[in-house]
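Q: I've got a new structure open and want a quick tour. Can you talk me through it?
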Amino acid sequence: MQNHLLQILALFAMETPVSLDAEDIRNEKVKVLRSMRPLQLEDVVLGQYKGHSNGAKSYPAYTDDPTVPNGSITPTFSAAALFIDNARWDGVPFLMKAGKALHTKRAEIRVQFRHVPGNLYKRNFGTDMDKATNELVLRLQPDEAIYLKINNKVPGLGMRLDRSDLNLLYKAKYRGEIPDAYERLLLDAIEGERRLFIRSDELDAAWALFTPLLKELEEKKIAPELYPYGSRGPVGAHYLAAKHNVRWGDLSGDD
């Protein structure tokens with residue numbers, strides 16, 4: 001979370017750089033990280049997967065691993081709400097989560113658009129207005145894609161709305177082989193291209209966000225919330241999303 005996901009967040013939230021040169025891009029990423037509030041305990045949920053049985057199949061718990069000490073409180077899941085205190089992102093929550101032994105493996109950015117004030121179509125959406133939110137999804141893996149989830153009118157004489165995707169699936173659009181992420185990084189390293197690599201001040205700014213929280217967790221020995229192997233994570237993560245009026249993307253039915 002401190003490394004990969006925070007880098008993705010910084011790239012997404014940064015202002016337009018002066019150029020595509022490595023230093024200009026990294027300057028903007030550092031500005032984002034320095035504008036972020038340090039993580040607070042009340043905005044973080046920790047979890048650890050537990051074993052369970054599903055019919056004839058059994059799934060192990062984290063502490064079943066022979067290399068893990070009994071009674072370990074090491075988290076295998078974390079969800080956090082982050083905030084960027086600048087003119088563009090003031091008051092906008094950025095929810096981030098990562099974990100092991102979840103129901104699906106993927107990495108993506110989801111931008112959920114706010115409801116329009118005085119929405120004329122409110123009664124056509126029914127009571128669940130959250131599902132009626134337009135959403136932009138940038139999927140990094142698996143199956144790289146960019147798609148926009150929108151609400152549209154169903155053709156016909158009536159007034160009924162439906163949810164549709166405007167989808168750019170890279171492997172369907174571009175038939176050539178898409179390079180693996182590490183292939184790109186290795187090539188950049190060979191060529192001396194530094195845009196995708198972090199700078200020392202960027203690393204310092206990233207750790208400054210997480211270090212106070214990590215120390216607090218260690219001092220208070222906070223036990224993680226248990227969640228079943230292969231589930232969507234601990235229940236507390238859903239309360240965290242509700243607290244900030246956001247819903248996790250893996251609840252939208254497009255797993």
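Q: How much accessible surface does the protein have, and what share belongs to carbon and sulfur atoms?
A: This is a predicted model. The accessible surface of the protein is about 16100 Å². Carbon and sulfur atoms hold 55% of that.

Q: How many helices and strands?
A: The protein has 7 helices and 10 strands. Along the principal axes, its C-alpha atoms fill a box of roughly 65 × 55 × 40 Å.

Q: What percentage of the residues is buried?
A: Of the 255 residues, 32% are buried.

Q: And what share of the contacts comes from residues 24 or more positions apart?
A: That share is 63%, counting contacts with a separation of 6 or more.

Q: Let's go to α6. What does it span, end to end?
A: Helix α6 has 21 residues and reaches 30 Å from its first C-alpha to its last. That is close to the 30 Å expected at 1.5 Å a residue.

Q: Where is the kink in α6?
A: At F210, shortly before the proline P212. The kink is about 35°.

Q: Which residues of α6 are buried?
A: E202, A205, A206, L209, F210, L213 and L217.

Q: Which residues make up the nonpolar patch on the surface?
A: I198, L203, W207 and L214. Together they have about 320 Å² of accessible area. L203 belongs to α6.

Q: What follows α6?
A: K221, with a positive phi near 50°. K221 sits in the loop between α6 and β10. At 62% relative accessibility, K221 is exposed.

Q: Switching to charges. How many salt bridges are there in the whole structure?
A: A search finds 20.

Q: Which residue does E202 bridge to?
A: E202 pairs with K29, the closest N and O atoms being 3.0 Å apart. The pair links distant parts of the chain, 173 residues apart: E202 is in α6 and K29 in α2.

Q: Are those two buried or exposed?
A: E202 is buried, with a relative accessible area of 0%. K29 is buried too, at 1%.

Q: What about the strands: where do E108 and R139 lie?
A: Their side chains meet in a salt bridge, 3.9 Å from N to O. E108 lies in β6 and R139 in β7, so the pair ties together parts that are 31 residues apart in sequence. E108 is partly exposed at 23%, and R139 is buried at 18%.

Q: Which residues are in the salt-bridge network?
A: R106, E108, R110, E135, R139, R163 and R247 are linked. E108 and R139 are among them.

Q: Backbone next. Which peptide bond is cis?
A: The one from Q141 to P142 is cis, with omega near -10°. P142 is in the loop between β7 and β8. D143 is found in that loop as well. D143 has a positive phi, near 55°, and is not a glycine. D143 is partly exposed at 36%.

Q: Last topic, the loop between β3 and β4. What is T63 in contact with?
A: Setting aside neighbours within four places in sequence, T63 is in contact with Q48, V68, P69, N70 and S72. T63 is partly exposed at 26%. The C-alpha atoms of T63 and L33 are separated by 35 Å, and the two are 30 residues apart along the chain.

Q: And S72: buried or exposed?
A: S72 is buried, at 16% relative accessibility. S72 is in the loop between β3 and β4. Beyond four places in sequence, S72 is in contact with Q48, Y62 and T63.

Terms used. Residues are numbered from 1 along each chain as its sequence is written. This is a predicted model: local features need pLDDT of at least 70, side-chain atom pairs count only at pLDDT 80 or more; totals for chains, interfaces and linings use all residues. Side-chain values use heavy atoms; hydrogens and water are left out. Patches are made of residues with over 30% relative accessible area and no salt bridge: like charges are joined within 9 Å, nonpolar side chains (Val, Leu, Ile, Met, Phe, Trp, Tyr) within 5 Å. Accessible areas come from the Shrake-Rupley method with a 1.4 Å probe; for residues, only the protein chains shown count as cover. A salt bridge is a side-chain nitrogen of Lys or Arg within 4 Å of a carboxyl oxygen of Asp or Glu. Helices (H or I, at least four residues) and strands (E, at least two) are DSSP runs, numbered from the N terminus. Buried means under 20% relative accessible area, exposed over 50%, partly exposed in between (1.4 Å probe, protein chains only). Contact means heavy atoms within 4.5 Å. The expected span of a helix is 1.5 Å times one less than its number of residues. The bend at a residue is the angle between axes fitted to the seven residues ending there and the seven starting there.
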